[in-house]
Amino acid sequence: VTQLALVIDLNVCVGCHACVTSCKEWNTSGTAGPMADMNPYGLDPTGTFFNRVQTFEVGQYPNTETVHFPKSCLHCEDPPCVPVCPTGASYKREEDGIVLVDSDKCIGCKYCSWACPYGARELDENQQIMKKCTLCVDRIYDESLPEAERKPACVNACPTNARLFGDVSDPDSEVSLAIRENGGYQLMPEWGTRPANHYLPRRKTRITIHADELVRADNPLKKERELPMPDAGDPTLDETTSW
Amino acid sequence: MHPAFSVIFLTTLIGAGQGLFLALYTAQVYAAFNLLPAQDPVRFYALGSLVALILLVAGLGASFLHLGRPERAWRSAAMWRTSWLSREVIALPACMGAVAAWGLAHYSGWNPTLFMLGSLGVDLSFLIGAAATVLCFALFVCTGMIYACIKFLQEWATPLTVVNYILFGGASGFLLAAAFAAWKGLELVDFYGGWAIVMTALAFVTRSASLVRNARLKHKSTMQSAIGIRHARIEQKAQGAMAGSFNTREFFHGASPRKYRFVKWVFLVLVFPVPMLLITAGLATEAFGLLLAAFLVQYLGLLAERWFFFAQANHPQNLYYQTV
């Protein structure tokens, strides 16, 4: 089986919200209809988003880290939002594991949003139906696009390449490799939802430099030897030896 | 969770309707065994089931106000294999139909004795009533399980939720039956009033148990498991939206801590002690007014109880919205 998913690298995300805006731009023209924008230029703008970036500060000043945290539907392998839907509008695709809402069947009872521990579903205020991340299902299979662009809009937009897209059930895929080798993890594993989307943790990158590494131990051209340096006119090693 | 008034009215109205029907049918069963005097089928059973039916229909009407797309409501019976909400959508009209049929059997007098069980004649209304009783209990279970089946809403995920729905529905229904019997001047007032007191007392025990349980509850999800960063101090700086979103509106009750505590005491006073006193006084004087007041006070209290039931539930998604 295939399970498409996103892997989000918190080590790289800079919190620019390019994924948020590109997601909305693509999906607001999607088959489920426009995404609500209520009061966009007023005091309390609100609306439907499939993807949001939140920011957390971890630690105590001055030893803090700022973590930007993109959050969208995790396309759980055991999605609790699907069995509770009374109409069958909420479903998980067999062929690629994407969790979708049938916009023609949804009655807007909001029960699926109660049954999602991650708060990944939002009721559209204009259409009064539930909306959520589709993993750009109307994009990733579109053969009229160049192959490199057959990815979710957020993945294409990310300037730091913090978002990877692929099949997490294939152990050799780019995403599986990233999860395996960089300590990828799932959110709220305690509920057994087995989210397909994974997050890569912050990683410290340190190098240790010893004092003797600052000076060339092997210096045949005498470029950095002790002063006084030879005159510019003196013959160099290259000129006095035949190699 | 944000308390939705549509759901508050749905659950309290159908609870009282189911309870009232169960009270009426109990009287019929007792009468069949000569434990209570037989009642007039039209003036008591048919009229009483009409009141129960009105409550059930009103509850169904309230439920439509909860839907974003009420015109598609018919679709919601589809997923009864997996969804308790879908099961409720089937159980509620089935229950209404059975209560209506039972009332109609009494009203029309078309109530032939079908067979004999020893010396007991089993008539048509007896069988319809038995089916309606099963459906009433099925509906109680469905309503309760809608909330109890969401395991990460830990305040709800307990069998006490279902038990409370049954006992609150039963208490308010039997109380309404006592008032109805007093209005008709029947000898059933003591019987119904007594059971209303017993069920109110039982509901006090089980609801207190759920309050104690929820006060001691340790939530499984934490900020650390929500974003997967193991640090004791995590502070949210941005929620991903300038003003509110669906997530900040749907999952927070939005009341001040004072109002929240006030509603809790309102329901604890209005659902349990005040109706008990009014019933006791009403039973002593057989006064219709006192018993009706007892029902109305308890119903108001149940509205507060249901508000608190929703407000108390703490959804794990709220971890992502620390600064609401």
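Which residue of chain A forms a salt bridge with Glu250(B)? The close-ups below, taken from a predicted model, start with that pair.

**View 1. Glu250(B) meets Lys110(A) in a salt bridge.** Across the interface of chain B and chain A, the rule turns up 3 salt bridges.

**View 2. Several elements of chain B touch chain A.** Those giving two or more residues are α3 (84-108), α4 (124-148), α7 (223-227), β3 (234-238) and α8 (246-250) of chain B. The top giver on this side is β3(B), with 5 residues. Sort the side of chain B that touches chain A by class and you get 31 nonpolar, 20 polar and 10 charged residues.

**View 3. A strand from each chain pairs up.** Strand β4 (residues 51-60) of chain A lines up with β3(B) in the antiparallel sense, over 4 bridges. Zoom in on Phe56(A) and you'll find its bridge partner in β3(B), Gln236(B).

**View 4. The whole contact takes 61 residues from chain B and 53 residues from chain A.** Together, the two chains bury about 4700 Å² between them, and 60% of that is on carbon and sulfur atoms. In chain B, the residues losing the most area to chain A are Phe152(B), Phe246(B) and Tyr320(B), which together make up 13% of what that side buries.

Conventions:
Residues numbered from 1 in each chain as written. Chains lettered and ligands numbered in written order. Predicted model: local features only at pLDDT ≥ 70, side-chain atom pairs only at ≥ 80, totals over all residues. Heavy atoms only, no water. Contact = heavy atoms within 4.5 Å. Buried area = accessible area lost by both parts, 1.4 Å probe. Salt bridge = Lys/Arg side-chain N within 4 Å of Asp/Glu carboxyl O. Nonpolar A, V, L, I, M, F, W, Y, C, P; charged D, E, K, R; others polar. Pairing = 2+ DSSP bridges.
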